[in-house]
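Dear colleague,

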Amino acid sequence: MTFTTDTALLFIFSGLPAVGKSTLARFVAKEFGAVYLRIDTIEQGLKDLCRISVEGEGYRLAYRIASDNLRLGHPVVADCCNPVELTRREWEEVAIESSCRFVNIEVVCSDRTEHRKRAEQRIAAVPNLQLPTWDDIENREYHAWQKECIVIDTAGKTIGQCESELKEKIVNSLSPKKKQEQT
């Protein structure tokens with residue numbers, strides 16, 4: 001099933017590494033026919049091609065690519081850790097400036113043991129990407145959400161269960177009733 005809206009839509013993902021965020025972001029991109037922007041890919045590309053030490057450039061480049069696509073009416077998935085209020089607000093501003101709606105999605109894994117196992121068994125999908133260690137993940141700056149967002153806890157669930165739950169929550173968040181409540 002393909003879901004359509006009257007305007008372009010920005011799906012803003014957030015969550016620590018190894019919680020299942022990219023898996024769910026790719027699912028949403030396929031399900032909603034969206035352009036898929038993965039910050040890891042963009043940042044690694046900048047490192048490999050431009051030989052620069054990347055700090056915020058990956059996000060800022062992604063904002064521009066997202067904006068171009070949203071203005072063309074294409075839905076966009078932003079797959080990123082999105083760990084702080086600043087980047088979360090900047091993604092929302094991209095949507096607002098592009099006259100489109102956005103959906104904030106946080107992916108978590110509440111089972112620390114399962115999360116650690118995932119982190120330690122992961123294989124990098126992006127060439128040359130140095131995956132964070134479990135210590136890196138535990139010590140990463142990550143702020144709690146202060147706004148309403150869709151939360152998917154992947155602990156103890158199959159990928160299919162998480163995909164179904166996420167799709168249902170997205171569709172509900174975009175329903176006409178929910179849209180009226182937001183205005």
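**A buried charge and its surroundings**

In this predicted model, Glu-43 is buried and yet forms no salt bridge, since the nearest side chain of opposite charge, that of Lys-47, lies 5.5 Å away, whereas a salt bridge would need a nitrogen of Lys or Arg within 4 Å of a carboxyl oxygen. Glu-43 sits in helix α2, which covers residues 39-50, and, leaving aside residues up to four places away in sequence, it touches Val-54, Glu-55, Gly-58 and Tyr-59.

On the side of α2 the contact is made by Ile-39, Ile-42, Glu-43 and Leu-46, and on the side of α3 by Glu-57, Gly-58, Tyr-59, Leu-61 and Ala-62. Sorted by class, the residues of this contact are six nonpolar, one polar and two charged.

**Two residues with positive phi**

Most residues other than glycine have a negative phi. Arg-51, although not a glycine, has a positive phi of about 55°; Arg-51 is found in the loop between α2 and α3 and is exposed, with a relative accessible area of 68%. Asn-128, likewise a residue other than glycine, has a positive phi near 70°; Asn-128 lies in the loop between α5 (112-121) and α6 (134-139) and counts as exposed at 59% relative accessibility.

With kind regards

Methods
Residues numbered from 1 in each chain as written. Predicted model: local features only at pLDDT ≥ 70, side-chain atom pairs only at ≥ 80, totals over all residues. Heavy atoms only, no water. Helix = DSSP H or I, 4+ residues; strand = E, 2+ residues; numbered from the N terminus. Buried < 20%, exposed > 50% of the residue type's maximum accessible area, 1.4 Å probe, protein only. Lys, Arg positive; Asp, Glu negative; His and termini not counted. Contact = heavy atoms within 4.5 Å. Nonpolar A, V, L, I, M, F, W, Y, C, P; charged D, E, K, R; others polar.
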